[in-house]
Amino acid sequence: MAPRHGTVVIWTSRSGDEAVDLCVDRRSRPDVVLVDMNMDGVDGGMVCQRIRHFSDRIVIYGMTAHSLRRYEHVTRRFGAQALLDKADVQGLQRCLADCAAGRTYIQQGFSSPGQAYRLLTVPGAVNATSLELSPRETEVLDWTIEGLTAREVAARMALSEATVKTHLRHAIRKLGVGNKLQLIRVWTQFRSA
């Protein structure tokens, strides 16, 4: 598919860390990178974020065989230009053909590489609203990364423990992570950025 559209695959990697290193190295830096949201080692969202923190030019397309809804928020938040279904070969071909022709396909609701870079690197440019979290979800996450249990957060916020857990589940879905530990890691990185 690649030569027909004027594109060349310069490298592949199953490791998220290696993919980031290859994007940073001038000799192996691609114009476009396809990121599987389920990479070995570092998850796809973190790979997107690390590449975007480095570059305002590399076009990033997230891909998944799972539900697109599961990863939509995290790919958008961490600098990708689109999230593609791995089974949509024609969609992938269109994206690569556009890139080869000098046009970047940007899915509705996603940002250009430059805009995404600024959102991630300019202090104050990103806020909880851009992640589509409610104020309650944001507060629950802030207390959670301080080390409080769901019961302790509930007591502090005058909520039931079940409500706190519901807010955590919603945040997990919205941020496209797999579990509470990944949620804590992503939110801690977001708050320390």
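Predicted model: local features only at pLDDT ≥ 70, side-chain atom pairs only at ≥ 80, totals over all residues.
Residues count from 1 along each chain as its sequence is written, and side-chain values use heavy atoms, with hydrogens and water left out. Local features need pLDDT of at least 70 and side-chain atom pairs 80 or more, while totals for chains, interfaces and linings use all residues.

**View 1. The largest nonpolar core has 41 residues.** Such a core is a set of buried Ala, Val, Leu, Ile, Met, Phe, Trp, Tyr and Cys residues joined through side-chain atoms within 4.5 Å; buried means under 20% relative accessible area with a 1.4 Å probe, protein chains only. Val33, Ile51, Ile60, Leu141 and Leu183 have the most contacts inside this core. Its biggest share, 5 residues, comes from helix H8, where helices are DSSP runs (H or I) of at least four residues, and strands (E) of at least two, numbered from the N terminus.

**View 2. Zoom in on Leu141 and its contacts.** Skipping residues up to four places away in sequence, Leu141 touches Leu133, Leu168, Ala171, Leu175, Leu183 and Trp187. A contact here is heavy atoms within 4.5 Å.

**View 3. The largest pocket is lined by 33 residues.** A pocket is an open set of points on a 1 Å grid over the protein atoms alone, where a 1.4 Å probe fits, with protein on both sides within 12 Å along at least five of seven lines; lining residues have an atom within 4 Å of a point. Val9, Trp11, Val32, Val33 and Leu34 lie nearest the pocket's centre. Strand E1 gives the most to this lining, with 5 residues.

Key: Buried < 20%, exposed > 50% of the residue type's maximum accessible area, 1.4 Å probe, protein only.
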